[in-house]
Amino acid sequence: MNTFAESATTALALVASFDPALWTIVARSLAVSATACGLACGLGLVAGAWLGVARFAGRDGVLTVLNTLLALPSVVVGLMVYLLLSRSGPLGFLGWMFSFQAMVLAQVVLVLPVVTALTRQIVEDAERAHGEQLRSLGAGPLLRSLLLAWDERYALLTVLMASFGRAISEVGAVMIVGGNIDGFTRVMTTAIALETSKGDLPLALGLGLVLLAVVLVLNALIAALRRWRERLDGSVQDVTRGLVA
Amino acid sequence: MADPRTLAAGAAAADEVIRLAGIGVRFGPVQALAGVSLSVAAGERLALVGANGCGKSTLLRVLHGLTAASEGQVWRSAARQAMLFQRPHMLRTTAQNNIALGLWLRRIPWRTAQARALQALERVGLAAVAGRNARTLSGGQQQRLALARAWALAPDVLLLDEPTASLDPHAKREVESLMQAFAHGQAGDAPMTMIFASHNLGQVKRLASRVIYLEQGRVLADLPVHDFFQGPLLQAQYPAAHLFVKGEVL
């Protein structure tokens, strides 16, 4: 209990002191995970939406593999990306090992199945509800998938939150491909792992609380955005008054 | 892409808009339609009646091309079709955009589509809610909006799957009067061929010119509306349909 109290105090002290080292780590964590989420969402939303609508031979197999990838351990992803980026690996020429890009790539690989699988499920449900109408209006599978993804945009915000949560909270992959280099590739989770191994539990827990607080604030912002947009969409917008008169 | 069967059923009569020959539809072990043959002429108001699960909705979907027939041949003229579903499906955008989207999907430029969408909303008395999220409209308004979306496409054939089934009496009346107006070409509209499924025999009497009675995926009676509701004739020639009209088939 003392450790927790001490940790909370440490966390508050860290935040209040505006410790540049801490905020650099927080900013780097956010930058890595936000970039990875942006890339994974760009690919995963389109792929997931298409999978939600398209019917082709082998689709069930693809979905089984996709759902299995949801349980992909981050250390395995780290190891795979390490092998890809190592000097003798196929992407070794990029020189990305132990860099920001390597951490982003690892998190993209980690988060892409989450975004794709959840988007697929949401769009497939929407296809069941509205697909027939869109087909009747003449929309083909690609257009239908994009329209349904747009229609489910608020539900997809939850996918965004889930993927960001998965990215920012993982430690295995960024530790392996980033190397936890101070001032360069150290992020919140690797810093927590380091402080724990050094025995500085209050600092490690303090960092953990800061990490949670950052995610909490981001989720609250997205949830507020979602509520605001839903309210706006539900309200009467009598924009046609002039046109109709 | 056109279903090869669509073109294979041979030449049609001049005023024929759809013809089915020996259509069967199977969903796994369930035979939804079996040996259905029918022809629909331009301007007809055809009602499909029968108990739940008799194949009305499947038949409408085959006619519209949403469900592929497992056997038999479908012939469709070049007539434009639009379909209304029992529960109107609206996207999470304004009523006007929902209509404009249907037009845009038929390659009409967005601005033109918006203008035509507004005309369609005026036609069904919903111009005042043009800018409102379609999902926030009442069930009756949404079904009128769906009718407006169909009307905007200027279809020659309008298919409706129990369009008033989930509506209150007032909304039912509004939707039905629009169906009547579209079918008869009132208010300067061209008359539409109308094919609708309904459980409401009063509505069938009011709207249809011809009635098809289905049971377990088969057409058991295909009669002009006056004959269908003539008790003795129906009882003598189509006892199953007669029991349905009497309310003894659920």
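This note comments on the fold and confidence of chain A and on one helix pair in chain B.

1. The structure is a predicted model. For chain A the mean pLDDT is 89, with 94% of the residues at 70 or more.

2. Confidence in chain A is highest in helix 4 (residues 74-85), where the mean is 97. The lowest value belongs to helix 11 (residues 241-244) of chain A, with a mean of 34. Across residues 236-245 of chain A the pLDDT falls below 50, although this stretch has 14 contacts in the model beyond near neighbours in sequence. Where pLDDT is low, the predicted coordinates should not be read in detail.

3. Chain A comprises 11 helices and 0 strands, so that its pattern along the sequence reads α-α-α-α-α-α-α-α-α-α-α. Taken along the principal axes, a box of roughly 65 × 50 × 35 Å holds the C-alpha atoms of chain A.

4. Of the 245 residues in chain A, 38% are buried. When contacts in chain A between residues at least 6 apart in sequence are considered, 79% join residues at least 24 apart.

5. In chain B, helix 2 (residues 95-104) and helix 4 (residues 139-152) have axes that come within 9 Å and cross at roughly 30°. The crossing of these two helices of chain B is right-handed. Helix 2 of chain B contributes B:A95, B:N98, B:I99, B:G102 and B:L103 to the contact, while helix 4 of chain B contributes B:L145, B:A148, B:R149 and B:A152. By class, this contact between helix 2 and helix 4 of chain B has 6 nonpolar, 2 polar and 1 charged residues.

How values were computed
Residues numbered from 1 in each chain as written. Chains lettered and ligands numbered in written order. Predicted model: local features only at pLDDT ≥ 70, side-chain atom pairs only at ≥ 80, totals over all residues. pLDDT = per-residue confidence, 0-100. Helix = DSSP H or I, 4+ residues; strand = E, 2+ residues; numbered from the N terminus. Contact = placed C-beta atoms within 7 Å. Axes fitted to C-alpha atoms, helices over the stretch in contact; angles between N-to-C directions. Left-handed = near helix turned anticlockwise from the far one by under 90°. Nonpolar A, V, L, I, M, F, W, Y, C, P; charged D, E, K, R; others polar. Buried ≥ 20, exposed ≤ 12 C-beta atoms within 10 Å, placed from the backbone.
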